[in-house]
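Trainee: Could you walk me through reading a protein model? I would like the general idea each time, and then the case at hand.

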Amino acid sequence: MNRGSEGAERTGLGALPNRRAKPIAYREPVATKEPEKLRLGGMALRNGLLIHGPTHWAAAVRDREGAIETASERKPELAPGLVAKLPGLRGPIKLAEAMAVLPLARRRLPAARLPFEDWRVAGAAVATLVATSLLRKRARASALREGIVQAIGAVPAVVALTDRDLAAYHGVEHKAIAAYERGIDDIAGVPKEHDRCGSNLVVPMMLLSAGGTVLLERLVETPTAAARAGVGLGGASIAVEMFAWSDRHHGDPLAEAFHTPGREIQRRLATKEPTAEQLEVGIAAMAEILRAEEVEQRAA
């Protein structure tokens, strides 16, 4: 029973059949009679899935007793619509809005476990900050130094993904969204990799940040923290625009080159094949976001 987009629900869905349909190519265009599909994104939780729609977020998690809890709510809007669409600004704004949803989801679903809720991840983050700070103080600016800094910076994410459940729910995220986009009922047979995954931004952001920092330190003797942050933000903005271009030009050699590192990160590290029980949670999250967005469209 659904209690509305502002509430939470506990359900006891039966287990899905543990079977696999023939995998499909996740870049294969799929014909559909529906006029439009919602543009959806998501984030894996340690025990569930958070999905972003155009106006709402929805989440589903499995609690300690094994029941599935769902909740949804309208997304916060941090900037006017026009500003949020400007190249160079839309990436950081969308990221900030996605981060702003996390405390809301945790408040509505106390059972949710966020990706960074692990002492190992917190410890890796602290160690990373100390190590990169020391390296930048003691080694001169160079592409090698910044490459090492960027590699160290990825350690907390790698540590987080050693939790198989988190990596599996990342796979659930991709499968659920891709199945919806393609009109496929059995999400188990959909590949666990997706071309709109944020992993496609990892390598471009690292390269842009490293190059920008080397240039900054050669132009400014003692860069401030604000200047370094500006370089990082600029690199992220450029990477997002590259990502948007590649998403519009599937099949173009440059677009394929852009996506290749991200696909390999997903295939080898960032995603795992989920269990039938984890797929149930993804189905519940997808059903809730579609319900919430349908209510919004009817009210508009």
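Mentor: Start with the secondary structure: this is a predicted model, and its protein chain has ten helices and five strands.

Trainee: What share of the 300 residues counts as buried?

Mentor: In the protein chain, 45% of the 300 residues count as buried. Another overall figure concerns contacts between residues at least 6 apart in sequence: 70% of these join residues at least 24 apart.

Trainee: Which residues of helix 3 are buried?

Mentor: The general idea first: an α-helix has 3.6 residues a turn, so residues three or four places apart point the same way. In helix 3, the buried residues are Val121, Ala124, Thr128 and Thr132. Looking down the axis of helix 3, you find its buried residues within an arc of 60 degrees, so they line one face of the helix.

Trainee: What do the buried residues of helix 3 pack against? And which exposed residues are carried by the face turned away?

Mentor: The buried residues pack against helix 4 (143-153) and helix 5 (155-160). The face turned away from the buried side of helix 3 carries Trp119, Val126, Leu129, Lys137 and Arg138, which are exposed.

Trainee: What should I look at where helix 3 starts?

Mentor: Look for a side chain reaching a backbone atom. Here a side-chain oxygen of aspartate 118 comes to within 2.7 Å of the backbone nitrogen of arginine 120.

Trainee: Now for residues brought together from separate parts of the sequence. Where is alanine 168 placed, and is it buried or exposed?

Mentor: Alanine 168 lies in helix 6 (residues 164-182). Its relative accessibility is 0%, so alanine 168 counts as buried. Leaving out residues up to four places away in sequence, alanine 168 touches Lys272, Glu273, Pro274 and Gln278. With Lys272 the sequence separation is 104 residues, yet the C-alpha atoms of that residue and alanine 168 are separated by 4.4 Å.

Trainee: Which contacts does proline 204 make, apart from its neighbours within four places in sequence?

Mentor: Proline 204 is in contact with Ala239 and Phe258. This proline belongs to helix 7 (residues 202-219), and a relative accessible area of 10% makes proline 204 buried. Its C-alpha atom is 8.6 Å from that of methionine 242, 38 residues away along the chain.

Trainee: And how does isoleucine 283 read?

Mentor: Isoleucine 283 is in helix 10 (residues 276-299) and is partly exposed, at 35% relative accessible area.

Key: Residues are numbered from 1 along each chain as its sequence is written. This is a predicted model: local features need pLDDT of at least 70, side-chain atom pairs count only at pLDDT 80 or more; totals for chains, interfaces and linings use all residues. Side-chain values use heavy atoms; hydrogens and water are left out. Buried means under 20% relative accessible area, exposed over 50%, partly exposed in between (1.4 Å probe, protein chains only). Helices (H or I, at least four residues) and strands (E, at least two) are DSSP runs, numbered from the N terminus. The arc is that of the directions from the helix axis to the C-beta atoms. Contact means heavy atoms within 4.5 Å. A polar contact is a pair of N or O atoms within 3.5 Å; within protein, one must be able to donate a hydrogen and the other to accept it, and residues adjacent in sequence count only if both atoms are side-chain atoms.
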